[in-house]
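I opened this model to look up a few points of its geometry. My entries follow in the order in which I made them.

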Protein chains: 2
Amino acid sequence: MSILENVTFDEIEIGRTASYSKTLSEEDLVLFAKVSGDVNPVHLDAEFAKTTQFGERIAHGMYTGSLVSAALGIVLPGPGTIYLGQSLRFRAPVMVNDTITVNMEVVKKRDDKKFVTLECTIVNQHGKKVATGTADVIAPTEKIKLDAPELPNIIIG
Amino acid sequence: MSILENVTFDEIEIGRTASYSKTLSEEDLVLFAKVSGDVNPVHLDAEFAKTTQFGERIAHGMYTGSLVSAALGIVLPGPGTIYLGQSLRFRAPVMVNDTITVNMEVVKKRDDKKFVTLECTIVNQHGKKVATGTADVIAPTEKIKLDAPELPNIIIG
């Protein structure tokens, strides 16, 4: 079981960086389609995807967004963070087996409201930018350290 | 089997609206945690969530983002859309059994690059805004009409 520990507003300094990585599986395409309802065949049907400009199945755009959300929620600032807003520019498609890394850097803090702004640069395993954007959060003021919940098994098909 | 039919750039007029709705299930919380890796207990652990300001489990912020992505990918403009960018402000939490509706309105078109900008207002079943934002896409130029892929069964636990 892994430990989740947050970084409080007072602990966060401008310029602090953190990152979070995940590899896209075929199953993730199905799970994201299920949870969002987005059954566009470019994400699900390998034969159809061959006929598109991408030549193969691509991840839903907001799959990348979900990794940014995860990076904020479990790494920096971590548990207790309130997500206020996000901008994202999608720059390149994400394919099955791509390992996507969300790199974050704290660029702004506002003491009275505990607002923190983080620049996000999301790259694949070749270092190519797949998305960039800015996240606005309220950082937690109290230290939280807890066991990450274990997810149940998920069986597809 | 449902049919997906896109709206081409030429068919899209300024002021055109469309919407897309989905109800958040308990299973969706687990699936989104799996696909994003975000195992923050505020989304997964009902007992823990009771101790937070929300009082119960809330959806991941980007769950709402995923519904916007779905609305663009399967409704307006639909299949063939290229997602360029998205801004989102999160305004209220989304809870289990909430029915979330993404309302979209076309506010800008740029003929030379087939860019379309859509304002997005995302509300719950009480009409309360849970998020607002702007989507930028390249709309498809060719008509696409196809059968939506059927998703396999997904069993949790």
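**Backbone, chain pairing and cysteines**

I find Lys114(B) in the loop between strand E4 (99-110) and strand E5 (115-123) of chain B; strands here are DSSP runs of E of at least two residues, helices are runs of H or I of at least four, and both are numbered from the N terminus. The model is predicted: local features need pLDDT of at least 70, side-chain atom pairs count only at pLDDT 80 or more, and totals for chains, interfaces and linings use all residues. Residues are numbered from 1 along each chain as its sequence is written, chains are lettered from A and ligands numbered from 1 in the order in which they are written, and side-chain values use heavy atoms, with hydrogens and water left out.

I noted the phi of Lys114(B) as positive, about 60°, although the residue is not a glycine. At 27% relative accessibility Lys114(B) counts as partly exposed (buried is under 20% relative accessible area, exposed over 50%, partly exposed in between, with a 1.4 Å probe and protein chains only). In chain A, Lys114(A) lies in the loop between strand E4 (99-110) and strand E5 (115-123), with a positive phi near 60°. Lys114(A) counts as partly exposed at 28% relative accessibility. Most residues other than glycine have a negative phi, and most peptide bonds are trans.

I then looked up cis peptides. The bond from Leu76(A) to Pro77(A) is cis, with omega near 0°, and Pro77(A) sits in the loop between helix H3 (61-74) and strand E3 (82-90) of chain A. In chain B a cis bond joins Leu76(B) and Pro77(B), omega about 0°; Pro77(B) is in the loop between H4 and strand E3 (82-90).

Asn6(A) is in the loop between strand E1 (3-5) and strand E2 (17-23) of chain A and is buried, at 1% relative accessible area. Asn6(A) and Lys145(A) are 139 residues apart in sequence but 6.6 Å apart in space, C-alpha to C-alpha.

How are chains A and B related? I get a rotation of 180° with 0.0 Å of shift along its axis, RMSD 0.0 Å, which is the relation of a two-fold axis; the copies are superposed by least squares on C-alpha atoms of residues with pLDDT of at least 70 in both. Of the residues of chain A, Ser87(A) comes closest to the rotation axis, at 2.1 Å (C-alpha). The same surface serves both copies, as 100% of the contact residues of chain A recur in chain B.

Next I checked H1 (residues 26-36) of each chain: the axes come within 9 Å and cross at roughly 145° (lines fitted to C-alpha atoms over the stretch in contact, angles from 0 to 180 degrees between N-to-C directions). The residues making this contact include Leu31(A) and Phe32(A) of H1(A) and Leu31(B) and Phe32(B) of H1(B). Eight of the eleven residues of H1(B) are buried, so H1(B) is largely enclosed by the rest of the structure. Gly37(B) follows H1(B), with a positive phi near 85°.

Last, I searched the whole structure for disulfides (cysteine sulfur pairs within 2.5 Å) and found zero. For Cys120(A) the nearest cysteine sulfur, that of Cys120(B), is 19 Å away, too far for a bond. Cys120(A) is buried at 2% relative accessibility, and Cys120(B) is buried at 1%.

Conventions
Contact = heavy atoms within 4.5 Å.
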